[in-house]
Amino acid sequence: MKPYEWMVKYTPQTEWIERRGILMWLAEVSGGLGGGLYLVSLYLNSLWGMFIGWLIILLLKGGFHIAYLGKPLRFWRIILKPQTSWIARGLIFVVLFIGFGAIQLAFTYWLPGTAWEVVFKILAGIMAFGVIIYTGFVMNYVNGIPLWNTALLPVLFVICGVLDGFGLVMAIALGGGNVDIMVAEAGSRLLLIASALLIVIYLWSTTYMGPTGKYTVMELIRGNIAPVFWVGVALCGIIIPIVISVSSYFAGEASSPLLITGIICDMIGAFSLKYCILKAGIYSPLIPSTAY
Amino acid sequence: MARWGMVIDLQKCVGCYSCVIACKQEHFLPPDIFWNRIVISETGKYPMVTKQMYPVLCNHCQEAACVKACPSGATTRREDGIVTINYDECVGCRYCLIACPYQQRTFYADGKKEYFPGQGLTELEIIGRKLYPLQPGTVMKCNFCQERVDEGIQQGLKPGVDREATPACVIACPAKARYFGDLDDPDSEVSKLIKEKKGFQLHPEYGTDPSVYYITR
């Protein structure tokens, strides 16, 4: 975009995707992956899954967010103001998840089956859910960007986060973790279909959010972001995993190479989806009607 | 309590950028940072082409999206309607920047950037950094020259009427296209202009109720 086109034409946001903004993208992806993996691992009772999910949130999500801040040492100011915005509430979710998750992991490892383990599993699970969903609320508040300003976004983030959690838990199963791979496959099969439908509805509904919404969707499916959307989100994130999942449903069990391919594609899909949503965050021009 | 606001007459604006420069001088803004901008668009096809110039700045919205978005409480709206940033509290998350539908905020990333790269800071830049210590790593935007307004009121002056109490961009405008005053006072010049000339806000559909109005007739 040329400087003289700024807010005269449709103007994409750059702060959360370009230059240091890449850290925000990585933080958002790791929030979905870590939270999803933790929730799925809770369901499948995989200690390794819970631990890796917890680590992803602690090191990657937390680290990327702190590294992105202009004044990282002041991050504590955010925690003290939960009434202000979803970023503040989100950071509280992250901090509480790290705390509750650590206690829960300790109980599960040293004192499994106790009531405290169950209590902290519930608490950490709620916080993990909060970690996945809050980014949706953060973005959904931005009314200048039609693609983000929709209630479908938090739902999409939750479904995709849990789907990616199933993908990662399968990777743990292949690595020797104690996970029922058939259950994980069944879960991911359902969520793949749900996420594919949701993405279609999400984009379709965005086209009804005025000319900027329509332009944004066209940019996603035909513009500069289209290769990432079609190859990353549609092909790798949905089509290939669905084909593998359906074939394994009829064949009984998918082979390891097929599963690895599916997991890699799913990860590419996770990164691509958040990239596309952030990159296609487009504002309406400032000058009324003339630039449309 | 007053609600400070601005009216910009688009018929009078000649696009000379005096407001942009005056703002940069007033606040000693670093390179590449503008609190005042002019957005220029051309519409139509030859020979029926229309050029439109919109001087834009922070709208100091009554329902400011940036205030509600700021997680650290650094951005606040004063009683007189000026939306202000406390640089000591800003964490640099840039959520306010994203949330502003008018895109009137800027992240001050590079504190070492010079106007003449490689030649060191000029005297003016050195003085500016002492007088107006902006903090790298924080977000900044137009503050309606709150220092001028506050000091002017303390001296018994009236913002929008007395030069010393009026924002720099308003007094620098050679075409007198900008007006500053109290939107809550029905007898103020800005209120009268908005009423008589049907002043309009940018994107009222966002529900932010900006304090900057435009008139075209």
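Let me start with the surroundings of B:A99, which, leaving aside its neighbours within four places in sequence, is in contact with A:Y141, A:V142, B:A65, B:C66 and B:A69, where two residues are in contact if their C-beta atoms, placed from the backbone, lie within 7 Å. This is a predicted model, in which local features need pLDDT of at least 70 and side-chain atom pairs count only at pLDDT 80 or more, while totals for chains, interfaces and linings use all residues. Residues are numbered from 1 along each chain as its sequence is written, and chains are lettered from A and ligands numbered from 1 in the order in which they are written.

B:A99 lies in helix α3 of chain B, residues 95-99, a helix being a DSSP run of H or I with at least four residues, numbered from the N terminus. B:A99 counts as buried because it has 24 C-beta neighbours inside 10 Å, the cut-off for buried being 20 or more other C-beta atoms within 10 Å. Its C-alpha atom is separated by 9.1 Å from that of B:C70, 29 residues apart along the chain.

Turning to B:C66, and again leaving aside neighbours within four places in sequence, the residues in contact with it are B:T75, B:V83, B:C96, B:A99, B:C100 and B:R105.

Both B:C66 and B:A99 are among the residues with the most contacts inside the largest nonpolar core, which has 144 residues; such a core is a set of buried Ala, Val, Leu, Ile, Met, Phe, Trp, Tyr and Cys residues joined through C-beta atoms within 7 Å. The largest share of this core, 14 residues, comes from helix α6 of chain A, residues 152-174.

Key
A residue is buried if 20 or more other C-beta atoms lie within 10 Å of its own, exposed if 12 or fewer, and partly exposed in between; C-beta atoms are placed from the backbone. Helices (H or I, at least four residues) and strands (E, at least two) are DSSP runs, numbered from the N terminus.
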